[in-house]
Amino acid sequence: MPFQPASLLGAPVSEPMDTHTSNVPPSGCPYCEYVYDVTTSVGVKAAPQPGDWAVCYNCSQFLVYDADLKVRKPHQGEVARLTQTNPKVRRLLEQAAAVVRRKSQL
Ligand SMILES: [Zn+2]
């Protein structure tokens with residue numbers, strides 16, 4: 001399986017790893033309605049592609065890019081399937097969510 005990047009929506013990331021910040025079509029998080037038009041891919045220097053995973057910078061929920069590069073909630077069982085098929089991406093998502101939760105506690 002090819003490596004899929006994980007993205008942190010709405011904010012640059014200062015973690016010491018490969019990142020790539022890119023513009024995406026303006027859209028809202030389906031959980032918290034936070035509106036964003038920029039995303040940072042973590043682990044690769046590439047813009048997000050449809051089907052890639054992301055974490056909301058406001059609420060830390062896991063999201064998936066659709067064909068228009070807007071985000072949707074994962075389908076039933078999709079996160080569990082990711083854990084089985086691509087644990088590296090799952091770990092990146094957990095790390096990104098932890099960054100968001102730390103920010104929220106400041
Ligand atoms: Zn959100």
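Biologist: With how many C-beta neighbours inside 10 Å does arginine 72 stand, and does that count as buried or exposed?

Modeller: The general idea is to count neighbours around each residue. In this predicted model, arginine 72 has 11 C-beta neighbours inside 10 Å, so it counts as exposed. The cut-off for exposed is 12 or fewer. Arginine 72 lies in strand β6.

Biologist: Which residues is arginine 72 in contact with, leaving aside its neighbours within four places in sequence?

Modeller: Pro30, Leu63, Val64 and Asp66. Now compare sequence with space. Arginine 72 and tyrosine 31 are 41 residues apart in sequence, and their C-alpha atoms are 9.0 Å apart.

Biologist: Which element has the lowest mean pLDDT, and which the highest?

Modeller: Read confidence before geometry. Strand β1, residues 6-9, has the lowest mean pLDDT of the elements, 60. β6 has the highest, 94. For the protein chain the mean is 82, and 83% of its residues reach 70 or more.

Biologist: How many helices and strands are there in the protein chain?

Modeller: Two helices and six strands. From the N terminus on, the order is β-β-β-β-β-β-α-α.

Biologist: What share of contacts between residues at least 6 apart in sequence join residues at least 24 apart?

Modeller: In the protein chain, 63% of those contacts do. As for burial, 30% of the 106 residues count as buried.

Biologist: Now strand pairing. In which sense do β2 and β3 pair, parallel or antiparallel?

Modeller: Look at the bridges. Strand β2, residues 19-28, pairs with β3 in the antiparallel sense over seven bridges. Histidine 20 stands opposite serine 41 in β3. Asparagine 23 has valine 38 of β3 as its bridge partner.

Biologist: What do β2 and β3 form, and how many residues lie between them?

Modeller: They form a hairpin, with six residues between the two strands. Glutamate 33 sits in the turn and has a positive phi of about 65°.

Biologist: Why does threonine 39 count as buried?

Modeller: The cut-off for buried is 20 or more neighbours. Threonine 39 counts as buried because it has 29 C-beta neighbours inside 10 Å. Threonine 39 lies in strand β3. Its C-alpha is 6.3 Å from that of asparagine 23, 16 residues away along the chain.

Biologist: What is the phi of serine 60?

Modeller: First the general idea. Most residues other than glycine have a negative phi. Serine 60 is not a glycine, yet its phi is positive, about 70°. Serine 60 is placed in the loop between β4 and β5. With 21 C-beta neighbours inside 10 Å, serine 60 counts as buried.

Biologist: And where does leucine 69 lie?

Modeller: In the loop between β5 and β6, which covers residues 71-72 in the case of β6. Leucine 69 also has a positive phi, near 60°. Its 17 C-beta neighbours inside 10 Å make leucine 69 count as partly exposed.

Biologist: On to the core. Which residues of the largest nonpolar core touch the most other members?

Modeller: The general idea comes first again. In soluble globular proteins, nonpolar side chains tend to be buried together. Here the largest nonpolar core has 16 residues, and Ala54, Val55, Leu63 and Leu93 touch the most other members. At least two residues of this core come from each of β3 (35-42), β4 (53-56), β5 (62-65) and α2.

Biologist: What is the reach of α2 from its first C-alpha to its last?

Modeller: Compare the span with 1.5 Å a residue. α2 has 18 residues and reaches 26 Å, close to the 26 Å expected.

Biologist: Which residues of α2 are buried?

Modeller: Val89, Leu92, Leu93 and Ala96. Look down the axis of α2: its buried residues fall within an arc of 100°, so they line one face of the helix.

Biologist: Which exposed residues does the face turned away from the buried side carry?

Modeller: On α2 that face carries Pro87, Lys88, Ala98, Arg101 and Arg102. Take arginine 101, which lies in α2, residues 87-104. It has 11 C-beta neighbours inside 10 Å, so arginine 101 counts as exposed. Arginine 101 and asparagine 58 are 43 residues apart in sequence, and 8.7 Å apart from C-alpha to C-alpha.

Key. Residues are numbered from 1 along each chain as its sequence is written. This is a predicted model: local features need pLDDT of at least 70, side-chain atom pairs count only at pLDDT 80 or more; totals for chains, interfaces and linings use all residues. Helices (H or I, at least four residues) and strands (E, at least two) are DSSP runs, numbered from the N terminus. A nonpolar core is a set of buried Ala, Val, Leu, Ile, Met, Phe, Trp, Tyr and Cys residues joined through C-beta atoms within 7 Å. The expected span of a helix is 1.5 Å times one less than its number of residues. The arc is that of the directions from the helix axis to the C-beta atoms. Two residues are in contact if their C-beta atoms, placed from the backbone, lie within 7 Å. Two strands pair if DSSP finds at least two bridges between them. pLDDT is the predictor's confidence in each residue, from 0 to 100.
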